[in-house]
Amino acid sequence: IRAIVCARGGYGLTRILDRLDPTLLLRDPKPIVGFSDATALLAWAYAAGVRGIHGPVVVQLGTLPLLETERLVRLLTDPAPLGRLPWPIETADDGRYVGHLIPANLTMASMLVGTRWPLPLDGAIALFEEVGEKPYEIDRYLTQLEATRALYGVEAVLWGELVRCVDPNPPTGEPDPADAAQRVIADRLDAFATPCAFGAPIGHGDRNTAVPFGAACELDLDDRVLTIVDGAVA
């Protein structure tokens, strides 16, 4: 077995992490592929010393653009780095930031704080995505990550898809604007003095581009481009 690709997302991977033997994975390294709830499994593998891939699960493979399935196959079979990614990045910040790329579901990033498998965010370019969380819940997760100092050493945060992250019945009685979640994120990260950008096609949307978990990268907010300089496999 040269790779493990999660069949689907959902919930429950945190239930089994303490039953997994990291020495077995390290003895015969292989990338684990998944996203969303699989963030926990990617963090576990990284802590064991094996780089995974944040990318499509099996049930997505028949519906994603061919380009994205080809990219996943390339990451699994070719050690060459992805290089400069042509993503439509938008930001009000500037500067160039270097670190290891940590793609993750925002809720799972919050839930892993205090466990034996927290996301390695110190010195990282965090790449968060989310689905179905209301703007006030996103505010809560980000504030918790800051309060626990999990965001303290993050170089910058790039955001992927924010799918159905609206509140159909907000306290104001008025419908949320379409960009309510993005506004909350920009407000919170500005308060934390953390550079922020949007536009990565990863997560629960129509593309879910595969990227290596923990790979060295550079986020250039002046030119609005992410460059990945490590491969996913040896």
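Guide: Two strands are said to pair if DSSP finds at least two bridges between them, and strands themselves are DSSP runs of E with at least two residues, just as helices are runs of H or I with at least four residues, both numbered from the N terminus. This is a predicted model, in which local features need pLDDT of at least 70 and side-chain atom pairs count only at pLDDT 80 or more, while totals for chains, interfaces and linings use all residues. Residues are numbered from 1 along each chain as its sequence is written, and side-chain values use heavy atoms, with hydrogens and water left out.

Visitor: What makes β6 and strand β7 a pair, and in which sense do they run?
Guide: The rule asks for at least two bridges, and β6 and β7 (residues 156-163) have six, in the parallel sense, so they are paired. Within this pairing, Leu127 stands opposite Leu158 in β7.

Visitor: Which strand pairs with β6 (residues 124-131) over six bridges, besides the one you have named?
Guide: Strand β5 (residues 96-105) does, again in the parallel sense. Here Leu101 stands opposite Ile125, and Ile102 has Ala126 as its bridge partner.

Visitor: What makes β4 and β8 edge strands?
Guide: The open sheet has seven strands in the order β4-β11-β10-β5-β6-β7-β8, with mixed pairing. The strands β4 (83-85) and β8 (196-198) each pair on one side only, and these are the edges. From one strand to the next the twist averages 30°, where axes are lines fitted to C-alpha atoms (for helices over the stretch in contact) and angles run from 0 to 180 degrees between N-to-C directions.

Visitor: Where is Leu61, and why is it called partly exposed?
Guide: Leu61 is in the loop between β3 (53-54) and α3 (66-77), and its 33% relative accessible area falls between 20% and 50%, so it is partly exposed. Together with Val5 and Val58, Leu61 makes a nonpolar surface patch of about 190 Å².

Visitor: What makes the phi of Ser36 worth a remark, and why is Ser36 called buried?
Guide: Phi of Ser36 is near 65°, a positive value in a residue other than glycine. Ser36 lies in the loop between β2 (32-34) and α2 (39-48), and at 11% relative accessibility, under the 20% limit, it therefore counts as buried.

Visitor: Why is Arg164 called exposed?
Guide: At 62% relative accessibility, over the 50% limit, Arg164 counts as exposed. Arg164 lies in the loop between β7 and α6 (180-191) and has a positive phi of about 55° although it is not a glycine.

How values were computed
Patch = residues over 30% accessible without salt bridge, like charges linked within 9 Å, V, L, I, M, F, W, Y side chains within 5 Å. Areas by Shrake-Rupley, 256 points an atom, 1.4 Å probe, with all protein chains shown as cover. Salt bridge = Lys/Arg side-chain N within 4 Å of Asp/Glu carboxyl O. Buried < 20%, exposed > 50% of the residue type's maximum accessible area, 1.4 Å probe, protein only.
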